[in-house]
Amino acid sequence: MERSFTTSHTTGTHEGAAVGKLHGKAQFFIGQDGDGNKVHVEVELREGDLSDRHLVYETVEHSKVLNPLTVTVTHDVYEAGRQDPISAGAGTDPIRDVVAFTPGWDQEKATKLAAMADRWHNNTLRAGCAHQRVVWEGDSPHNMRPSLDKAPPCPHTGYRYGRAWLAEVLPPDVEAYFRGLIEQASM
Ligand SMILES: [Zn+2]
């Protein structure tokens with residue numbers, strides 16, 4: 001099982017205000033899928049980067065939040081004997097496809113990670129607010145995308161879908177879940 005853990009805390013200034021950056025990241029080799037491919041997953045928690053101009057985010061509830069934590073969960077799938085991943089990115093199907101688990105992982109734990117990643121990955125890049133229904137459009141069931149024009153505006157603020165990146169702040173139990181994964185990897 002490959003494990004790594006990095007943590008750093010740096011401070012700097014942005015338009016005169018001190019800002020901090022917290023960073024935690026861990027890589028896991030979860031196991032192999034039915035074809036013997038190896039499924040690796042990276043979990044990362046980070047605050048808005050110092051170079052990020054969007055230090056103050058609007059939330060999906062239309063309040064303001066400073067430097068919200070962003071969680072990302074990404075995978076790399078390797079075929080035996082090949083250096084480059086045959087699949088990489090944010091999709092969680094590879095996590096669900098694992099059938100032979102490495103020590104520390106099992107079906108239940110992997111299923112939970114996939115569900116949490118589906119729900120919270122890129123939580124500060126939400127196109128829609130909490131009061132909005134997404135309208136999907138496309139020319140086939142396999143090629144659907146959220147419509148930027150057909151979603152009704154927010155009934156409270158008039159916000160139009162896709163006009164900004166909104167932050168869905170991680171609830172404490174969700175943050176604790178991802179922090180727990182990262183800290184487990186460092187033990
Ligand atoms: Zn709204």
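The structure discussed here is a predicted model. Its protein chain holds 3 helices and 10 strands, and buried residues make up 22% of its 187 residues.

**Confidence and overall organisation**

- The protein chain has a mean pLDDT of 85, and 84% of its residues reach 70 or more.
- Over residues 1-21, however, the pLDDT is below 50, although this stretch has 38 contacts in the model beyond near neighbours in sequence.
- Where pLDDT is low, the predicted coordinates should not be read in detail.
- Read from the N terminus, the order of elements in the protein chain is β-β-β-β-β-β-β-α-β-α-β-β-α.
- Among contacts in the protein chain with a separation of 6 or more, 57% are between residues 24 or more positions apart.

**Nonpolar cores**

- In soluble globular proteins, nonpolar side chains tend to be buried together.
- The largest nonpolar core in this model comprises 21 residues, and those with the most contacts inside it are Ile 30, Val 39, Val 41, Val 43, Ile 95 and Ala 110.
- At least two residues of this core come from each of strand 2 (17-33), strand 3 (38-46), strand 6 (70-78), helix 2 (107-120) and helix 3.
- Helix 2 gives the most to this core, namely 4 residues.
- A second, separate core has 6 residues, among them Tyr 57, Val 60, Cys 129 and Tyr 159.

- Ile 30 is found in strand 2 and counts as buried because it has 24 C-beta neighbours inside 10 Å.
- Not counting residues up to four places away in sequence, Ile 30 touches Val 39, Val 41, Ile 95, Val 98, Phe 101, Thr 102, Trp 105 and Ala 110.
- One of these partners, Ile 95, is 65 residues from Ile 30 in sequence, with 7.8 Å between the two C-alpha atoms.
- Val 43, leaving aside its neighbours within four places in sequence, is in contact with Ala 26, Val 73, Phe 178, Leu 181 and Ile 182.

**Helix 2**

- The 14 residues of helix 2 should span 20 Å at 1.5 Å a residue, and the distance of 20 Å between its end C-alpha atoms agrees with this.
- Ala 110, Leu 113, Ala 114 and Ala 117 are the buried residues of helix 2.

**Helix 3**

- Helix 3 (residues 172-186) has 15 residues and reaches 21 Å from its first C-alpha to its last, close to the 21 Å expected at 1.5 Å a residue.
- Its buried residues include Phe 178, Leu 181 and Ile 182.
- These three cover an arc of only 90 degrees around the axis, which puts them on the same side of helix 3.
- Pro 172, Asp 173, Ala 176, Gly 180 and Ser 186 are exposed on the other side of helix 3.
- Phe 178, Leu 181 and Ile 182 are also contacts of Val 43.

**Strand pairing**

- Strand 3 and strand 6 run antiparallel and are joined by 9 bridges.
- The bridge partner of Glu 42 in strand 6 is Thr 74.
- Strand 6 also runs antiparallel to strand 7 (residues 87-89), to which 3 bridges join it.
- Gly 89 in strand 7 stands opposite His 75.

- His 62 has a phi near 70 degrees, a positive value in a residue other than glycine.
- The position of His 62 is in the loop between strand 4 (56-58) and strand 5 (64-66).
- Asn 122, likewise a residue other than glycine, has a positive phi near 55 degrees.
- Asn 122 follows helix 2 and lies in the loop between helix 2 and strand 9 (136-138).
- Asn 122 counts as partly exposed because it has 14 C-beta neighbours inside 10 Å.

Definitions and conventions: Residues numbered from 1 in each chain as written. Predicted model: local features only at pLDDT ≥ 70, side-chain atom pairs only at ≥ 80, totals over all residues. Expected span 1.5 Å × (residues − 1). Buried ≥ 20, exposed ≤ 12 C-beta atoms within 10 Å, placed from the backbone. Arc of directions from axis to C-beta. Core = buried A, V, L, I, M, F, W, Y, C linked by C-beta atoms within 7 Å. Contact = placed C-beta atoms within 7 Å. pLDDT = per-residue confidence, 0-100. Pairing = 2+ DSSP bridges.
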